[in-house]
Amino acid sequence: MGKPIGWSIILNDPISNKIVPWQFVFSSVFCPNTTDGVDIYERGIRDSTYTTYLGGQTYMCRPSTTMLCGETLEFVISNTDRSVSYVLDNTDKEYVLYYVNANGGWDSLVVDGNVLKTDDIQSELYRNKTYDFKTFDNTKYLNIIKPRWTLHTGYLSNEQASKMHHLLESTQVYLHHKGDSICPVIITNSSCEYKTFTNNGKKKFYYTIEVESSKDKYRQ
């Protein structure tokens, strides 16, 4: 973000550059007064080019099915040294968070730790006075179901932890479950700690991220 006005810049600042085979991968750029191309490289081989126009642009793709664990996917602004790169992890991770960072770019975070999903249930009832012991006086006619998830990151470095504010303070977040739909969610954490190895008692540390679906489900 320190380039002079007139330079095309990368808006991405991912917490981790790890990606998984089934997720979407983003590159966000800002081009103040020029037209540049964004080249996509897989394993160092140029795969395709997108052209950007005045202002900002976000590009999205998925790793090809031929990419192997440890291989790289890189977005490069043409004819510059400005880029963002990702490394493929093909272990069995099931959740990814997509979010808008503090720069206005889209990033993603693979959830390395445990995930617990819970459905909170709010019931609507109506009352009916009856004299038949087999008939309900209180009848449940609607359940409003709000899914929520407790997500644990893997152990983070000091540098990675310094970027957690991009996610925890974001107002645009989506949760992608492998083999399932993408769900808009709200992060319910009320604070963002800036953890380090030192201030955590010289122990490894991780973050717990609490999210809830922005969409309710209904069951009658």
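Modeller: Arg43 is partly exposed, with a relative accessibility of 37% (buried means under 20% relative accessible area, exposed over 50%, partly exposed in between, using a 1.4 Å probe and protein chains only). Keep in mind that this is a predicted model: local features need pLDDT of at least 70, side-chain atom pairs count only at pLDDT 80 or more, and totals for chains, interfaces and linings use all residues. Residues are numbered from 1 along each chain as its sequence is written, and side-chain values use heavy atoms, leaving out hydrogens and water.

Arg43 sits in the loop between strand 4 (37-42) and strand 5 (45-51) (strands are DSSP runs of E, at least two residues, and helices are runs of H or I, at least four, numbered from the N terminus). Its phi is near 55°, a positive value in a residue other than glycine. Most residues other than glycine have a negative phi. Lys202 also has a positive phi, near 55°. You'll find Lys202 in the loop between strand 14 and strand 15, and at 59% relative accessibility it counts as exposed.

On to the rings. There are seven aromatic pairs (rings of Phe, Tyr and Trp, the last by its six-membered ring, with centres within 6.5 Å; planes under 30 degrees apart are stacked, over 60 edge-to-face, the rest tilted). Trp106 and Tyr174 have ring centres 6.1 Å apart and planes at 40°, so that pair is tilted. Trp106 is in strand 10 (residues 106-110) and Tyr174 in strand 13, so this pair links distant parts of the chain, 68 residues apart. Tyr174 is partly exposed at 33%.

The structure holds zero disulfides (pairs of cysteine sulfur atoms within 2.5 Å). For Cys69, the nearest cysteine sulfur is that of Cys61, 18 Å away. Cys69 is partly exposed at 45%, while Cys183 counts as buried at 17%.
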